[in-house]
Amino acid sequence: MSEESTPGPKESPPAQPRAGSREVWKKGGRLLSVLLAVNVLLLACTLISGGAFNKVAVYDTDVFALLTTMMLLASLWILFYLLRTVRCPNAVPYRDAHAGPIWLRGGLVLFGICTLVMDVFKTGYYSSFFECQSAIKILHPLTQAVFVIVQTYFLWVSSKDCIHVHLDLTRCGLMFTLTTNLAIWMAAVVDESVHQTHSYDSSHSNTSHLRLALDPERAGSSVGGDCSCNTAICQIFQQGYFYLYPFNIEYSLFASTMLYVMWKNVGRLLASSTHGHGHTPSRVSLFRETLFAGPILGLMLFVVGLAVFIIYEVQVSAEGGRLQQALVIYYSFNIICLGLMTLVSLSGSVIYRFDRRAMDHHKNPTRTLDVALLMGAALGQYAISYYSIVAVVVGTPRDLLGALNLAHALLMIAQHTFQNVFIIESLHRGPPGAEPHDTTPKEPCHGLTFANLDALHTLPGCPPTPRLVGTNPVGPHEAVAIILAPRGHWRRRCLKDISLFLLLCNVILWIMPAFGARPHFSNTVEVDFYGYSLWAAIVNICLPFGIFYRMHAVSSLLEVYVLS
């Protein structure tokens, strides 16, 4: 090639063309894999959405057959990837230290275990009336259990890989596996939305309010047979796997984010100076170097939130006119929680105005994805809040419940906005010790150090009066000094408190909607203003993104806590 005939004086000519040609085709390989993913995802969307309606001749068995096939193909590709990387020692020359942090992989394992329990409940439920069910309904949860085990192991050991063999095949395989997780997520969300709709219809037709009542067509066979779930063990399995759906949903989204980062890292070249460099500390201890105000207040709100959630569920399901009282309690707690979270997020942003740490401008696919997901997922809750604001302001009547609903919607917008600002600014900060004039991370000045005692007080990383535990003279002006500098500045302690407080609040705000709290339908302001069909469509489309936002914010805030 022409580039090889005129090499520069300090370049290695053979390496540059190979890297350049690889970078040129990288866009083509990515385009191929994205086109594959889009087509498979559109097919899955068509079947899943069509199977949600009784009048469409697409049955849940068709959806289960598609998902089972996709999970089997994805599992086979993962096994091929693992075997190929083991047999080829040069397959993974680099590993991205930012990808797959331990808290993300730990969350994936936790949600994966809950998904396995859900698959056991699903298998038991469909086995309770095996004689009138299609075999695919039992095969589907069993296949999903195998897929979860294989994929969890794969992401645990390979989430940091920057693979350099079979680039196009790897990109397509990763995108297909990502699409499989999105299809599983979509099926779970649609199933839960159909179930919520059926519950609302049952409660408004003078029938008993059964939150976990299944649609007959979805519980029956593909030909519309009647399969009754009358035994106690069958009802336990039925209720159990619906309550475990939130964990399955979060598992699929966690896996999708990790697979996307792996896809971005296919064929990626890392400089030797940044290879292995990351922000992951050697030790992570919860509540370490905090002021304890944030964790204590967060735990208090978490416990109170659980009590409010239980009271809300009991009073909404109970017969009698206690619905308004339940909604007042629910909205009051959320207003207090969201108000405190907004103020705390603002305080964190103000603290960063005095932070001397440099901004980290290194290329980081993980951080880019985190920011995009935070901003994108927040749009779901923004949409619900703005629809609620219009309904309350324009509609009638204007009572206490409407005022609480309006305050809740406004604070929800403010809290998402300021929390996103705080998290994104935190993720772009350099590690502790990185000053504006030197972006190279440095450890705090503590431990065994060679020092000139006369110049000891001029060290930039140490306090004006460091505490010397002991010295051993090694020269006329030199000594081996053990310097005990303060482990954490007050700003760092405040930031840790803020991140832990926001983390605990996001957990309780995830639990409430994820496990069935739907004040959007219990409060009839929006239903009367927009009509049930339109409002149900808005909530069922936007609320899953709001639920995902809370759990993704928890993951990001844990990283903020570690990096502070």
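Biologist: In this predicted model, is Ile547 buried or exposed?
Modeller: The relative accessibility of Ile547 is 10%. Buried means under 20% relative accessible area. Ile547 therefore counts as buried.

Biologist: Which helix holds Ile547, and which residues is Ile547 in contact with, leaving aside its neighbours within four places in sequence?
Modeller: Ile547 has its place in helix H17, residues 532–563. With those neighbours left aside, its contacts are Glu250, Trp510, Pro513 and Ala514.

Biologist: How many Å apart in space are Ile547 and Trp510, C-alpha to C-alpha?
Modeller: Trp510 is among the contacts of Ile547. In sequence the two are 37 residues apart. Their C-alpha to C-alpha separation in space is 5.7 Å.

Biologist: Is Trp156 exposed or partly exposed?
Modeller: Trp156 lies in helix H5 and belongs to the nonpolar patch. Its relative accessible area is 36%. Exposed needs over 50% and buried under 20%. Trp156 is therefore partly exposed.

Biologist: What span should helix H10 have at 1.5 Å a residue?
Modeller: Helix H10 has 25 residues, 293–317. The expected span is 1.5 Å times one less than the number of residues.

Biologist: Which residues of H10 are buried?
Modeller: Buried means under 20% relative accessible area. The buried residues of H10 include Gly294, Pro295, Leu301, Phe302, Phe309, Tyr312 and Glu313.

Technical notes:
Residues numbered from 1 in each chain as written. Predicted model: local features only at pLDDT ≥ 70, side-chain atom pairs only at ≥ 80, totals over all residues. Heavy atoms only, no water. Helix = DSSP H or I, 4+ residues; strand = E, 2+ residues; numbered from the N terminus. Buried < 20%, exposed > 50% of the residue type's maximum accessible area, 1.4 Å probe, protein only. Contact = heavy atoms within 4.5 Å. Patch = residues over 30% accessible without salt bridge, like charges linked within 9 Å, V, L, I, M, F, W, Y side chains within 5 Å. Areas by Shrake-Rupley, 256 points an atom, 1.4 Å probe, with all protein chains shown as cover. Salt bridge = Lys/Arg side-chain N within 4 Å of Asp/Glu carboxyl O.
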